[in-house]
Amino acid sequence: MNKIFLSILVLFGVGFAVDAKLEIIKARQKLPSIMVNVYGTGLPYKVSNLVAKDLEVSGNFRVSTQNKNDNDPNYTFYQTQKIDLLVEIVQEKNRFNLFLYDINAKERVLQKSYVLQDNALYPFVSHTIANDVNNYLKAPSIAWMNRKVIFSKLLGPSKSEIVVADYTLSYQKSIIDDGLNVFPKWADKDQTSIYFTKYLDRPTILKYNLDTKKFDRILSSQGIAIVSDVSNDGKKILVSMSPIAQSDVYLYDLEAKSTKRLTNYPGIDVGGNFIDKDKKIIFISDRLGYPNVFMMNEDGSGVEQVVFHGRNNSSATSNGEYVVYSSREEKNEFGASTFNLYMIAPGTSEIRRITVNGANQMPRFSRDGQNVMFLKNTQHQSALGIVRLRYNKTYLFPISKLKIQSFDW
């Protein structure tokens, strides 16, 4: 396999502080207390248990659970327990029924049904139920929970598969498993298609439609060919390619089928991401002698350094307003390198660390820009993590017997 392609694989695979200036953390009133009845076995237990976890991750409730079936609640009893809301979920064949009780109003306030055609998809039913409960209370949106995660799972030398999952990794389904398939990227906001790189005679970018199962060949390059970002309208993509020597950032117009080279540096330029309503682009470059985050105009002009902290900033993501990047720090007492994630508003010197301990890499903003997903590795655990920026909390979802090469959501 091409040495440059391998080197880029390595490069890409390579507590949160409140800051009023960044205006991420927002004031909260007292959270309502919600009880979720988690009982039974099999799917009823799994669905109810995951709903409780979703509501906890939402940050909008104080969540408790009990092993009880209670479709005729004693409101006075729950009031003495200082419970505001009660969630009851009942399975009826391939249907799950939600009953939401307002304890203080002493009435059932929401009832909905959800059809489950495939038992493996139960996590998405759970996420939908949690969203409906959250929306009834008009709490800050948790719609991001319904989005799918796409990742490349390494299986062995020159072999990996593309997997679709939910954000907790409770659901996982392999969709492409022949050969080396890496760097998956959602092609549209509705998550119907993906871009990914497949090593054929050389690295080749393919587009795959999850509904029609159709493949389209987009681009290929001698060294690397990786889609790093997609424009808001889905008509343009940023690509890292090295058709001649080292890699550069290119803009590819999908309608015109034209390629424009945006960087022209003898070292490595990769990982372009649109920011500022697609008017500017951040990318990773080693032009300082080590990987760091830079920014340029959409036509490639006006290159400037964004991050002035750290000596190895190998990956970055943006929600259009803020940039989160991974930075290597001094080795810890065990001799292992520590990577932490930092957030910065381009054009300012205000930075804040949003992770602690271990190797925290590959940050990805959620589509609403309120959360950051990342990979975390410590001596004792590997996990997919989510930083809830609004609530100053991080949640980890353990990864066992699974090595993720890259992901998107």
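Leaving aside neighbours within four places in sequence, which residues is Y167 in contact with? Before the answer, two words on the basis. This is a predicted model, in which local features need pLDDT of at least 70 and side-chain atom pairs count only at pLDDT 80 or more, while totals for chains, interfaces and linings use all residues. Residues are numbered from 1 along each chain as its sequence is written, and side-chain values use heavy atoms, with hydrogens and water left out.

1. Y167 and its surroundings. Contact here means heavy atoms within 4.5 Å. Y167 is in contact with D54, V57, H127, W144, M145, R147, V149, M373, L384, I386 and F397, its neighbours within four places in sequence left aside.

2. The cores. A nonpolar core is a set of buried Ala, Val, Leu, Ile, Met, Phe, Trp, Tyr and Cys residues joined through side-chain atoms within 4.5 Å; buried means under 20% relative accessible area, exposed over 50% and partly exposed in between, with a 1.4 Å probe and protein chains only. The largest core has 47 residues, and F151, Y167 and F407 have the most contacts inside it. Helix α2 gives the most to this core, with seven residues. A second, separate core of 19 residues includes L180, V270, I275 and I344.

3. V149. This residue lies in strand β6 (residues 149–156) and is buried, with a relative accessible area of 1%. Not counting residues up to four places away in sequence, V149 touches V163, V164, A165, D166, Y167, W186, M373, F407, D408 and W409. The C-alpha atoms of V149 and W186 are separated by 9.0 Å, and the two residues are 37 residues apart along the chain.

4. Two helices. Helices (H or I, at least four residues) and strands (E, at least two) are DSSP runs numbered from the N terminus, and the expected span of a helix is 1.5 Å times one less than its number of residues. The 17 residues of α2 should span 24 Å, and the end C-alpha atoms are 24 Å apart, which agrees. Among the buried residues of α2 are L43, V47, L50, V51 and D54. After α2 comes G59, with a positive phi near 80°. Helix α4 (residues 122–136) reaches 21 Å from its first C-alpha to its last, close to the 21 Å expected. In α4, 12 of its 15 residues are buried, and what covers them includes β1, α2, β3, β4, β5 and β7.

5. Strand pairing. Two strands pair if DSSP finds at least two bridges between them. Strands β11 (residues 203–209) and β12 (residues 215–220) run antiparallel and are joined by five bridges; T204 has S220 as its bridge partner in β12. The two form a hairpin with five residues between them, and K213 in the turn has a positive phi of about 65°. Elsewhere, an open sheet of four strands has the order β17-β18-β19-β20, with antiparallel pairing. The edge strands are β17 and β20, each pairing on one side only. I275 stands opposite K280 in β18.

6. The largest pocket. A pocket is an open set of points on a 1 Å grid over the protein atoms alone, where a 1.4 Å probe fits, with protein on both sides within 12 Å along at least five of seven lines; lining residues have an atom within 4 Å of a point. The volume, the space filled by probe spheres set on the points, is about 960 Å³ for the largest pocket. Of the 47 residues that line this pocket, K185, D229, V230, N273 and S318 are the closest to its centre.
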